[in-house]
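User: Could you walk me through how to read the features of a fold, starting with burial?

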Amino acid sequence: MDRRSVLKGLAGASGLALTGGLSAPAIAQGAAARTLRFVPQANLANFDPIWGTQYVVRNAAAMVWDTLYGIDSSFQPQRQMVESEEVTDDGTTWTFKLRPGLKFHDGEPVRSKDVVASLNRWAARDPMGLMLKAIQQELTAVDDRTFKWVLKQPYPKMLFALGKNNSPCAFIMPERIAQTDPFKQISDYVGSGPLKFVKGEWVPGAKAVFEKFTDYVPRQEKPSWLAGGKQVMIDRVEWVIMPDPATAAAALQNGEVDWWENPIADLVPVLKNNKNISVDIGDPLGNIGSFRMNFLYPPFNNVKARRAVLMALSQEDYMRSIVGDDNSLWKALPSFFTPDTPLYTELGGDILKGKRDLNAAKKLLAESGYSGEPVTCLVAQDQPITKAMGDVTADLLKKLGMNVDFVATDWGTVGARRALKTPPGQGGWNMFHTWHAGADCVNPAPYTAIRANGDKAWFGWPTSEATEKEVTSWFEAKNLDEEKAAIGRLNKAAMDDVVYAPTGFFLSYTAWRKNVSGVAKGPVPLFWGVSKSA
Amino acid sequence: MLSYILRRLVATLPVMAIVALFVFSLLYIAPGDPAVVIAGDQASPEDVERIRQSLGLDRPFLIQFGSWVWRILHGDLGTSIFTNLPVSTMIGQRLGPTLSLMIVTLLLTIVVAVPLGVIAAWKAGSFIDRAIMGFAVFGFSLPVFVVGYMLAYIFALRLEWLPVQGYTPLTEGFWPWLENLILPAVALGCVYIALVARITRAAMLEVLQQDYIRTAKAKGLGQGGILFIHALKNAAVPIVTVIGIGIALLIGGAVVTESVFAIPGLGRLTIDAILRRDYPVIQGIVLLFSFVYVLVNLMIDVTYTLVDPRIRY
């Protein structure tokens, strides 16, 4: 008998008296093996993937709601809920047919009217959806399994839009749920995906539970990211929210959880030393670090000032501040696009290559007319990645001779303040730090941060006509060669005008117990194909 | 006594209202915006504004506060901005773990700290006294999270006696409930035990110098009888006070402890709500905590009459 059993016995004896005989239910070994306990990257604080667009919500939603198409590991949209599609020669009328036998978790069949309502809600919130809506003539259900989308002009990226995995994804919900105002949160979480959400066991901030949907009919193809056959091999997935990384690491080592989505770099060596734990890169698309400069006010309303910063920055400094000494976790990135993806280019990225030239940067900054005004640098210090990058930037700006007003605060404040267009001295800002999921930077469709259409652009409100022209070129491209050419020109234009400053490409690990198998790399944690032995 | 208790309970209402108004105002003027957090990093300013409007966050301060007070008067704590769940449900989900943690910590403290304080006073100036007070200084100085990590490393990771994290309701068995609480209660209790032990020692030392103790000794009463029957009862008022006030420490400490041991309690809920600016949840928790404080103070006052019959209200 081990010491834990002795303690258990003693407590059981005393507990019997105190609780009138309540005792622990024996958990069968098999049941434990069929439950996968997963520590997600963040708390699932809400569960409407259209209303709230955090990655963690998208990741949970990908289990519960299915999509018409799914992007595979080659970045190609593959049929998922759709059985077939037809498009007229002029590219304006799309007719889709749903797979037979699709069911929602409440037992109702998936009908075209559900799809139409879902696409309408999605299109009100998604950038690609908004583009489609702008050229839409009609979106109608033809019959229970067929729906038609008629456009005023062709939209070559239609299937990518319906299958893309960046938030908000075009998830299909029952019509009654999808009719909810897209700016109001749903409270009914019925989907047709491979797992059901157990609303009754949801404790936001602590636990979210998903059960296998036994009526789900997977496709026959091999699974590949969000495409292919989603075969669920476990009965139940429990998301255990752990705000403290050290606790998550200890729980994984102890076998109290089975899979930790993204262990912090500092704890990875400990996990790697444990013979019961596997550690590997989780999302091969990684992340792109960035800081954005405000185009509205001096000094960064002058392209020379922006270029001076770009010319002086060392991506290695930024990346080491995030990932430490592990060289396999980062890459220099003279580009705005995700490395090792089909459209990746370094065209125009010379300013980020080679030896850093502080003197030339200082000279360029002086030419911009910078005269020592404070540069308000916003940093969310409750996010280790942005805090680390902010520290490097503050040092860089000081070396350039800039007067840094370093505002270290929480993410909620940075998020609110960066939306202000007022001058920096009146509540506004000059620069802030963030990062972009590599999955969002594979092409311009999901890539809000690359847009440079002034007032309509993302925070910093960059204006670059050349960049916008090439975004349009990419959307209109008819084949891969045209797409690549457009992206090359786009990268150069965005780099010339410094739409934002890329600070490098970084990856992160995922870690799981060795009795769990089938953990696949992907832009979201993929639960299909994963099994667990006792 | 009953009328005193009723008067005190009624007096809690304005206290809670003032605290709520203060907290509401503080949150209102603090920077940060829940709509931004909800909308996510890629959202446009227009999206954020639409969400603000749908949540009523664009309305003037007085209207927001008035509507909240109106709901409270109707027994409705509101709905979380983020989860869309009633605040009362969220608090209800988290109350059990926090209460359990506090009860176990409180029991642990009383069982450990009071005897330690008594022994230290009895052996004042000796090695035992210095050792106990040294331990108290050590316990008081170490932050909860440091003790927590040390305990988790030793008892969970190395010895594998206890779990690292989580909470199991009592309905699922006494041991599953207790095994999750032992390490957090010890971590949280360290400061508390140190405080209560020091106060107990000081109070006992004062009482042990009284004439009636000398008389009791002269009559030949045993040490146990003198310490635990005569002296401890008369030293009880400051001890009860510090135990009561210490509940405030427990609530503060629970925030850290619940994070370190991943216990889904009110402490973690509070932190999450503050970071996300989930106003209705913060307000609900503040109201609850205010009520708990007032209630604890009342219980302390009532307890005084039990331990010292000379006290009357």
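Analyst: Buried means under 20% relative accessible area, exposed over 50%, and partly exposed in between, using a 1.4 Å probe and protein chains only. In this predicted model, local features need pLDDT of at least 70, side-chain atom pairs count only at pLDDT 80 or more, and totals for chains, interfaces and linings use all residues. Residues are numbered from 1 along each chain as its sequence is written, and side-chain values use heavy atoms, with hydrogens and water left out.

User: What percentage of the 534 residues of chain A count as buried?

Analyst: Here 58% of them do.

User: And how do I read contacts by separation?

Analyst: A contact means heavy atoms within 4.5 Å. Take the contacts in chain A with a separation of 6 or more: 72% of them join residues 24 or more positions apart.

User: Let's zoom in on a helix. How are those assigned?

Analyst: Helices (H or I, at least four residues) and strands (E, at least two) are DSSP runs, numbered from the N terminus. Chain A has 16 helices and 21 strands.

User: Which residues of helix H10 of chain A are buried?

Analyst: An α-helix has 3.6 residues a turn, so residues three or four places apart point the same way. In H10 (residues 303–312), the buried ones are A:Ala305, A:Arg306, A:Ala308, A:Val309, A:Leu310 and A:Ala312.

User: What covers the buried residues of H10(A)?

Analyst: The cover includes helices H12 (358–367), H13 (384–399) and H16 (480–497), along with strands S13 (287–293) and S18 (501–506), of chain A.

Note on methods:
Chains are lettered from A and ligands numbered from 1 in the order in which they are written.
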